Amino acid sequence: MMRLRQYLLCAAAITGLSLAGCTGANLVPNTASDTATDGKGAKPVPAFTQFTDIPMPSNASLDMDKSIIFGASDAWHGRLVLNAGGSQAQMYDFYEREMPNFGWTKVTVVRADISVMVYDRENRVATIKLTGGSFAGSTVDVTVSPKG
């Protein structure tokens, strides 16, 4: 029984490390030479160019600990968690305005203390959960999965 428990713990650890590797460097905002500037040659602004099919607020930063992505380009699926500088209401308006520009069609929305927006595009579904921050800003949780 003790050997089985050790085996299961070892298998869980290996699986966890394997999945942690999936988050990789491709999730971080582009840096240095690959990053856009603010137009005045000042501080770089994250470009999030690896996610070409989802709008990204310019004032957002990626929470690497809570995000996990599989695939790349327009075929990725997984979860992106963003810490946005804008309020929950601003992020709601941003995604409602920008998702159609990226080819997404609104399925349903619930606007409340925790807002949920659901969109579909071709063979994928995007769920956006918006939560107000404790001090300022908000948290944007984008989950994209295959339809079906």
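How many bridges join S5 to S9, and in which sense do the two strands run? The legends below take up this pair and its surroundings in a predicted model.

**Figure 1. Overview of the predicted model, with its helices and strands.** The protein has two helices and nine strands. Read from the N terminus, the elements follow the order α-β-β-β-β-β-α-β-β-β-β. Of the 148 residues in the protein, 32% are buried. Among contacts with a separation of 6 or more, 43% are between residues 24 or more positions apart. The protein exposes about 8,900 Å², and carbon and sulfur atoms supply 58% of that area.

**Figure 2. Pairing of strand S5 with S9.** Seven bridges join S5 to S9, and the two strands run antiparallel. Ala84 stands opposite Ser138, a residue of S9. S5 covers residues 77-84 and S9 covers residues 138-146.

**Figure 3. Pairing of strand S5 with S3 and S4.** S3 and S5 run antiparallel and are joined by three bridges. Within this pair, Leu62 has Leu82 of S5 as its bridge partner. S4, made up of residues 68-70, also pairs with S5 in the antiparallel sense, over three bridges. Here the bridge partner of Phe70 is His77 in S5. S4 and S5 form a hairpin, with six residues between the two strands. Gly71 lies in the turn of this hairpin and has a positive phi of about 90°.

**Figure 4. The largest nonpolar core.** This core holds 24 residues. Leu80, Tyr95, Met99, Ile128 and Val140 are the members that touch the most other members. Two or more residues come from each of these elements: strand S3 (60-62), strand S5 (77-84), helix H2 (88-98), strand S7 (114-121), strand S8 (124-132) and strand S9 (138-146). Helix H2 gives the most, with four residues.

**Figure 5. Surroundings of Val140.** Val140 is one of the core residues that touch the most other members. Sequence neighbours within four places are left aside in this view. The residues then in contact with Val140 include Leu80, Val81, Leu82 and Ala84. Met91 and Tyr95 are also in contact with Val140. Ile128, Lys129 and Leu130 complete the list of its contacts.

**Figure 6. The hairpin of strands S6 and S7.** S6, residues 105-110, is joined to S7 by five bridges, and the two strands run antiparallel. Three residues lie between S6 and S7 in this hairpin. Lys106 stands opposite Tyr119 in S7.

**Figure 7. Arg121 and its contacts.** Arg121 lies in strand S7. Its relative accessible area is 15%, which is under 20%, so Arg121 counts as buried. Apart from neighbours within four places in sequence, Arg121 is in contact with Asp53, Asp74, Phe102, Gly103 and Trp104. A polar atom of the Arg121 side chain lies 3.5 Å from the backbone oxygen of Asp53. The backbone oxygen of Phe102 lies 3.1 Å from a polar atom of the Arg121 side chain. Between Arg121 and Phe102 the C-alpha to C-alpha distance is 9.0 Å, and the two residues are 19 residues apart in sequence.

Notes
Residues numbered from 1 in each chain as written. Predicted model: local features only at pLDDT ≥ 70, side-chain atom pairs only at ≥ 80, totals over all residues. Heavy atoms only, no water. Buried < 20%, exposed > 50% of the residue type's maximum accessible area, 1.4 Å probe, protein only. Contact = heavy atoms within 4.5 Å. Areas by Shrake-Rupley, 256 points an atom, 1.4 Å probe, with all protein chains shown as cover. Core = buried A, V, L, I, M, F, W, Y, C linked by side-chain atoms within 4.5 Å. Pairing = 2+ DSSP bridges. Polar contact = N/O pair within 3.5 Å; in protein donor to acceptor, adjacent residues only side chain to side chain.
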